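Dear colleague,

I am handing over a structure for you to look through, and my notes on what was found in it follow below. Please keep it open beside this email while you read.

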Amino acid sequence: MTDQQLRPDWPSNPDVVLLRDIATAVLHLAAVDRLDSFTLPYPAGAQRAMDALVLQCLRNGAKPPAGVPEMMHWARARPLGSWPLDRLPTDLFDAADRLIDEDSGEPAQLCHELAVPGHGDSTGRQYDRMVIHEALRACRAMSSPESYTAFRRLLVTRPVLTEADWAEVSTDLYLDPVRFLIEEIYASVPLGFRRDGSYLCCHRCLTLLHPVSDTEWWCERDQCRHRGPAPHGRELPTAEVGELRQLRKALRQFVTGPGQAETSLENELRVLGLTVEMWPGFDAYDLRITFPDGHVWAVDVKDWAHPAFLGRSATAVRTDPPYDEACWVVPGFRVRARRDYLDVYARERGEEVGGLRLLTDDQLKSAARLRLSGGRGPDASIGPLHADRTSTLPPPRRERRPAHTTTGPTGERTAPIDGAGKDGADHA
C-alpha cells in the first residue's frame, strides 16, 4: 500500500465540511464594516451553516447554539476539538485551534485556511489575489520584473506610510507600472488605532498595533503574539506625521506577514555569502539561492497555521527560472507551537509533488551553512529524500543563467526570464 493510499480522506468528512461552512460564515460576518446599518436576516451562508450545526448537535444529543450570535461565541470561546461533532477526526485539531482569536475577536488564521478556494472563499482572499495578479499583469506588460520585486518589497517592508513616506513612494520610478494599485491598496487609518493622539507600530512586523486598554497594545500577527507582547516600534503622533495610510487588511494578513518571513530569510542567507533573488521570474517562487559553485536552490515560504491544510495544498515548485533543488519552508515558530507539524505535512502531502520537503527556516539555514562548508548528503540538501522520490515527473532542467542580467531596486540580479507566477500571494 502506498503512502498516498494511507492519506486520511478527512477533507470530505461531513463535520470538516460543516466547519468550512462555519469558517466562511465567520469571515463574511467579520467583513461587515458598519454594524449600525446591518439588518436581519443574516447572510444566507451564515444561516445555512447555523442550521446545519443545529441539526448535527441535535443528532448527537448536544445543546445547539441558540442563533448565529451564539455560534460566533462558540467560534471564539471553544476549541474546535470540543465542538459536539462526533465524526470529526480526533487528531485534526488541537486545544489551541479556534476560528476566532480569543483576545482580539478577529478571525484566526486557521479560519481563513478552512475557508479555502472551492469551499467558499472569503472576500479578503479574493482581494489579495486580485491585487497580486494585477501587479503581475502590469509589470509583465512593461517587461519589468524589477518593478514587481519593488512592489512586493513595498508591501512587505512598508505596511504603514506617513505623509513623508507617501511622497517618497510616489517618486519611486520602479513603482510606476503599479502606481494605480498603490493608490488603491493604501487606505486612511481608522481612529480606532489611535490613542492619546498617536499611533504605534509593532517593532517586529511593522504593522500598526491595536490599543486594547489604557496601557496595552495588541498585534494582529500570529507570529508576534506567539513570541510574547508586541515590542513597541515607531510612534506616530498625528500632529507630526500628518495623514497616515496603511495597507488594507487582506494584504497585511496574506502578503505583509508571510513576506516578512521571506525577507528575513533573504537577509540571513545573504549574510552567509549567498546570492539571493526575490520572487524571480515574476513570482515563480519566493527565493532563488545561488551557491558559489553555481548550484541553485528554489524556496517557497509558507506561513500556515495548520499543517494538514498545508500538506493538502502542496504543489511542485515551478521549474522556470531553473534550479537544482527545491523545497517549501515554514517559520520555525509554527513547528515549536505544534511539534508534529512537519510529520503531519508529510502525511498529507500528495504523491504528485515528488516528495516535496518542508523545512523550518532554521533547517534551511543549517543546510546552507553545511553545503557552503563542503558538506554533501541529505543534511546539506533541500531536495526530496531518497525514499520520497516517488514522482514520475523529471527533475527541473538545469540551465546556465544568461550572461546579461538586470539589476533590481535593491541590488539583486534578476534575469529577464518570462514565466507565469504563482497563484497570487502566499496563502498565509
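Which side chains meet in a salt bridge with an N to O distance of 3.7 Å, one of them being that of D293? The partner of D293 is R376, and the side chains of these two residues meet at 3.7 Å, N to O, where a salt bridge is a side-chain nitrogen of Lys or Arg within 4 Å of a carboxyl oxygen of Asp or Glu. D293 lies in the loop between β9 and β10 (296–301) and R376 in the loop between α17 and β13 (406–407), so the pair ties together parts that are 83 residues apart in sequence; helices (H or I, at least four residues) and strands (E, at least two) are DSSP runs, numbered from the N terminus. D293 is partly exposed at 47% relative accessibility, whereas R376 is exposed at 51%, given that buried means under 20% relative accessible area, exposed over 50%, and partly exposed in between (1.4 Å probe, protein chains only).

Before going on, please note that this is a predicted model, in which local features need pLDDT of at least 70 and side-chain atom pairs count only at pLDDT 80 or more, while totals for chains, interfaces and linings use all residues. Residues are numbered from 1 along each chain as its sequence is written, and side-chain values use heavy atoms, with hydrogens and water left out.

By the salt-bridge rule, the count comes to 26. Among them is the pair R338 and D94, at 4.0 Å from N to O. R338 lies in the loop between α15 (332–337) and α16 (341–348) and D94 in the loop between α4 (68–77) and α5 (109–114), so this pair ties together parts that are 244 residues apart in sequence. R338 is buried, with a relative accessible area of 10%, while D94 is partly exposed at 28%. Both residues belong to a network of salt bridges that links D94, D97, R338 and D340.

Turning to the helices, α12 (residues 249–271) and α17 (residues 361–372) pack at an angle of about 20 degrees, with their axes 11 Å apart, the axes being lines fitted to C-alpha atoms over the stretch in contact and the angles running from 0 to 180 degrees between N-to-C directions. The two helices are therefore roughly parallel to each other, a term used for angles under 35 degrees. The contact (heavy atoms within 4.5 Å) is made by L265, E268 and L269 of α12 together with D361, L364, K365 and A368 of α17.

Best wishes

Key: Angles under 35 degrees count as roughly parallel, over 145 as roughly antiparallel, 65 to 115 as roughly perpendicular and the rest as oblique.
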